[in-house]
Amino acid sequence: MTLPSTHVFLMRSIIHHHNSQKNLRRLEAFRRVFGTEVVLNINHQAVLATSEITETTKSGATNDHQVTKEDEPMIVENADEESAQPWKTPHNSVQEKLLRYILDTERLADEVIVKEGATCLTRADFWTLGLRREMESDIGNACMKLIYEEARAHGKDIYIADMYIVATWKSGKNPLAYFPENSDMKDALVFPAWTQAAGPDHYLLCVLKPLLREILLLDSLYSNHESGFGDDHYRDIFRRIAHRLDPGQWTEATGLDIGVLPQQTNSNDCGVFMLMYALYTVLDIPFNFSQLDMPAIREWWCLRLIERFETEG
């Protein structure tokens, strides 16, 4: 006696559903005993996560996650100088060609170089980052996305505000309306701020660390200001944000208090200093760069963007 193919399909589907649910119940039982390190491998066997990682590494494959360029660390902690300062690593021939192409001022400025999702960067955007020019906010936001991913790879839970949104806070916009839930439990809240308060256009950075109740006000021209920060209006806004997150006592520090904060000595590197402040602060790494490193750091950021995002052409 043979069953119609439809019946066979339905029977197999019911059995598969039953077994899947049974496996999940068993997995939950294992996790109550051994913790969340227990996972199902590709054969639906309950194994420790560390064992699964070892097996997939040996076989050259992974289950749900493929190693991508986002997983490569931007800065390696507790490593030799070359790893800790990756912008000092010589470019290979492909990187040199990429830099020459995207930073060529004889080519079309409006040519789209990077386009992925909401991120769209032209050659003119890259000129503001890779050459000795004032950084544009679109490419600054793209770099901040890399910083967010780097922090996540190091186990840090952070939030980075959009540069264009921070600029609206002075006009009375409610900053907390843009914040994610449980912002008071984040490792860091990062606010890149553009200002004209102290004269020419200038980038500042505020980093709040709610769990430590710390307010870091970072200005690459901090020694030019008695307070160590070049915009009192922004300072008040960041203080109000901190106290709305947690009404308790907060400590506050600027470059004058930190003492080892690298300083800007020219007129157009403030955006790159802000990026480096953000990267090092959220990772809790001691600052190890200076004004002399800025040309190499600018090119390094350009390469990181090209290697991370999809490119046009």
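**View 1. The whole chain, to get your bearings.** You're looking at a chain with 11 helices and 9 strands, and the model is a predicted one. Of its 313 residues, 40% are buried. The chain exposes about 17400 Å², and carbon and sulfur atoms supply 53% of that area. Now take the contacts between residues at least 6 apart in sequence: 60% of them join residues at least 24 apart.

**View 2. Helix α6 alongside helix α10.** Here α6 covers residues 137–153 and α10 covers residues 270–283. Their axes come within 10 Å and cross at roughly 15 degrees. Angles under 35 degrees count as roughly parallel, so that's what we call α6 and α10. The crossing of α6 past α10 is right-handed. On the α6 side, look for Gly-140, Cys-143, Met-144, Ile-147, Glu-150 and Ala-151. They meet Met-274, Leu-275, Ala-278, Leu-279, Val-282 and Leu-283 of α10. Sort the residues of this α6–α10 contact by type and you get 10 nonpolar, 1 polar and 1 charged.

**View 3. Helix α4 packed across helix α11.** This pair brings together α4, residues 93–102, and α11, residues 294–308. The axes sit 11 Å apart, and the packing angle is about 100 degrees. That angle makes α4 roughly perpendicular to α11. From α4, the contact uses Gln-95, Leu-98, Leu-99 and Ile-102; from α11, Glu-299, Cys-302, Leu-303, Ile-306 and Glu-307 take part. The residues of the α4–α11 contact split into 6 nonpolar, 1 polar and 2 charged.

Definitions and conventions:
Residues numbered from 1 in each chain as written. Predicted model: local features only at pLDDT ≥ 70, side-chain atom pairs only at ≥ 80, totals over all residues. Heavy atoms only, no water. Axes fitted to C-alpha atoms, helices over the stretch in contact; angles between N-to-C directions. Helix = DSSP H or I, 4+ residues; strand = E, 2+ residues; numbered from the N terminus. Parallel < 35°, antiparallel > 145°, perpendicular 65-115°, else oblique. Left-handed = near helix turned anticlockwise from the far one by under 90°. Contact = heavy atoms within 4.5 Å. Nonpolar A, V, L, I, M, F, W, Y, C, P; charged D, E, K, R; others polar. Buried < 20%, exposed > 50% of the residue type's maximum accessible area, 1.4 Å probe, protein only. Areas by Shrake-Rupley, 256 points an atom, 1.4 Å probe, with all protein chains shown as cover.
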